[in-house]
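Please open the model in your viewer and keep the sequence panel beside it. The stops below each begin with a selection and then describe what is found there.

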Amino acid sequence: MLCREPRGGRSALFDGIEEGGIRVASSSSSYTSHEINEHENERALEGLQDRVILLKRLSGDINEEVDAHNRMLDRMGNDMDSSRGILSGTMDRFKTVFETKSSRRMLTLVASFVGLFLVIYYLTR
């Protein structure tokens with residue numbers, strides 16, 4: 001896990017870069033303009049490399065999260081499909097029971113529902 005800086009992400013990425021170029025820090029006058037530019041360019045390049053590495057790590061972490069969530073959603077979808085299959089089988093059985101006019105089956109069905117209701121009622125009490 002990466003440590004997050006307290007500053008905003010955009011300001012941390014572009015710290016030290018202004019529109020139109022890089023800010024030049026005040027340094028001693030013994031350096032020539034070319035040496036100052038070289039030094040500032042190297043510092044800016046190092047800063048950009050660090051930021052690119054950080055962005056690469058962040059994008060890798062995001063990719064891993066997305067893959068994990070996709071796997072979880074696939075499993076959930078498969079579970080829902082199997083539940084749908086079980087429920088449709090149960091509904092087919094209920095249709096069969098209700099289509100037949102057998103009073104014995106109807107009585108058994110009603111008695112089992114009442115018994116199940118009573119068991120659940122006494123267990124939750």
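Begin by selecting residues 106–124, the range that an unreviewed UniProt entry annotates as "transmembrane region"; UniProt positions are given in the numbering used here, feature names are shortened, and annotations may be inferred rather than shown by experiment. Over residues 106–124 the chain is 100% helix and 0% strand, with 27 Å between the C-alpha atoms at the two ends.

Before moving on, note that this is a predicted model, in which local features need pLDDT of at least 70 and side-chain atom pairs count only at pLDDT 80 or more, while totals for chains, interfaces and linings use all residues. Residues are numbered from 1 along each chain as its sequence is written, and side-chain values use heavy atoms, with hydrogens and water left out.

Staying in this part of the chain, select Val-110, Val-114, Phe-117, Leu-118, Tyr-121 and Tyr-122, which make a nonpolar surface patch of about 620 Å². Patches are made of residues with over 30% relative accessible area and no salt bridge, where like charges are joined within 9 Å and nonpolar side chains (Val, Leu, Ile, Met, Phe, Trp, Tyr) within 5 Å. Tyr-122 lies in helix α3 (residues 103–124) and counts as exposed at 55% relative accessibility; buried means under 20% relative accessible area, exposed over 50%, and partly exposed in between (1.4 Å probe, protein chains only).

Next, show Phe-98 together with Leu-109: their C-alpha atoms are separated by 9.7 Å, and the two residues are eleven apart along the chain. Phe-98 is found in helix α2 and, at 45% relative accessibility, is partly exposed.

Now zoom out and colour the whole chain by secondary structure, which shows three helices and two strands in the order α-β-β-α-α along the sequence. Helices (H or I, at least four residues) and strands (E, at least two) are DSSP runs, numbered from the N terminus. Of the 125 residues, 6% count as buried, and the chain exposes about 11,300 Å², of which carbon and sulfur atoms supply 59%; accessible areas come from the Shrake-Rupley method with a 1.4 Å probe, and for residues only the protein chains shown count as cover.

How many salt bridges does a search of the whole structure find? The search finds two, a salt bridge being a side-chain nitrogen of Lys or Arg within 4 Å of a carboxyl oxygen of Asp or Glu.

For one of them, select Glu-40 and Arg-43, whose side chains meet at 3.2 Å, N to O. Both lie in helix α2 (residues 33–99), three residues apart, about one turn of the helix. Glu-40 counts as buried at 8% relative accessibility, whereas Arg-43 is partly exposed at 45%.

Finish with Glu-35, Glu-38, Glu-42, Glu-46 and Asp-50, which form a negative surface patch; Glu-46 is found in helix α2. Lys and Arg count as positive and Asp and Glu as negative, while His and the chain ends are not counted, and the place of a charge is taken as NZ of Lys, CZ of Arg, CG of Asp or CD of Glu.
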